[in-house]
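Have the sequence and the 3D view open as you read.

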Amino acid sequence: MFKDQILNDFLVELGINVECYNHPPAPTIEIAKTYWKEFDATHCKNIFLRNHKGNQHFLVLLPCDFNVNIRHLELKLKQGKLSFASPERLYKYLKLLPGSVSPYGLIYDTEKHVIVYMDKSLKSAEKLSFHPNENTASIVTSNEDFMKYIHACQNQFEFVDLATDSE
């Protein structure tokens, strides 16, 4: 399956079925796309941001082909000035390394500090794919099971329209 046994056990406990695809390291969307050809799912891009004070962090989930413009995200998310969070912050809150940003890191956010914003188009995706906290694999799950996971993590989340950022 994949290396994160804590995540694997959590998904099994929730009754969430995943398909796992192991591949060479894929720290960017461009590299990951070369390995995603073999399975059908909405592949996602995940961005970890912080506010200007550094006291709030956000995980933004959107389809992988969306362009990302920080100014646009600032307007859509209504959280003031945003910037990419440092690798240290990424590890502190989600126990993740750069190139492996994933909503599956939310299981390590015990203080429920990270707020999740998902593009509203993800609501209608049949299947979603993300790294399972490592960039040497991708896992695919049904939207229903993914939302079961999101609810179980208990982080605040919201669907937002980011469509003007798409290609």
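His-23 counts as buried because its relative accessibility is 10%; buried means under 20% relative accessible area and exposed means over 50%, with partly exposed in between (1.4 Å probe, protein chains only). This is a predicted model, where local features need pLDDT of at least 70, side-chain atom pairs count only at pLDDT 80 or more, and totals for chains, interfaces and linings use all residues. Residues are numbered from 1 along each chain as its sequence is written, and side-chain values use heavy atoms, with hydrogens and water left out.

You'll find His-23 in the loop between β1 (19–22) and α2 (29–35); helices (H or I, at least four residues) and strands (E, at least two) are DSSP runs, numbered from the N terminus. Leaving aside residues up to four places away in sequence, His-23 touches Tyr-35, His-131, Asn-135, Thr-136, Ala-137 and Ser-138, where contact means heavy atoms within 4.5 Å.

On to the helices. Here's how their two sides compare.

| Helix | Buried residues | Exposed residues on the other side |
|---|---|---|
| α1 (residues 5–14) | Leu-7, Asn-8, Leu-11 | Ile-6, Val-12, Glu-13 |
| α4 (residues 87–94) | Leu-90, Tyr-93, Leu-94 | Glu-88, Lys-92 |

In α1, the buried residues are Leu-7, Asn-8 and Leu-11. They cover an arc of only 100 degrees around the axis, so they sit on the same side of α1; the arc is that of the directions from the helix axis to the C-beta atoms. What covers them includes β7 (137–142) and α5. Just after α1, Gly-15 has a positive phi of about 75 degrees.

How do α1 and α5 cross? Their axes come within 11 Å and cross at roughly 105 degrees, with axes being lines fitted to C-alpha atoms, for helices over the stretch in contact, and angles running from 0 to 180 degrees between N-to-C directions. The two helices are therefore roughly perpendicular to each other (65 to 115 degrees; under 35 is roughly parallel, over 145 roughly antiparallel and the rest oblique). Leu-7, Phe-10, Leu-11 and Leu-14 in α1 meet Lys-148, Tyr-149, Ala-152 and Cys-153 in α5.

Over in α4, Leu-90, Tyr-93 and Leu-94 are the buried ones. Down the axis of α4, its buried residues fall within an arc of 85 degrees, so they line one face of the helix. Their cover includes β2 (42–51), β3 (57–63) and β5 (114–119). Lys-95 follows α4 and has a positive phi, near 55 degrees.
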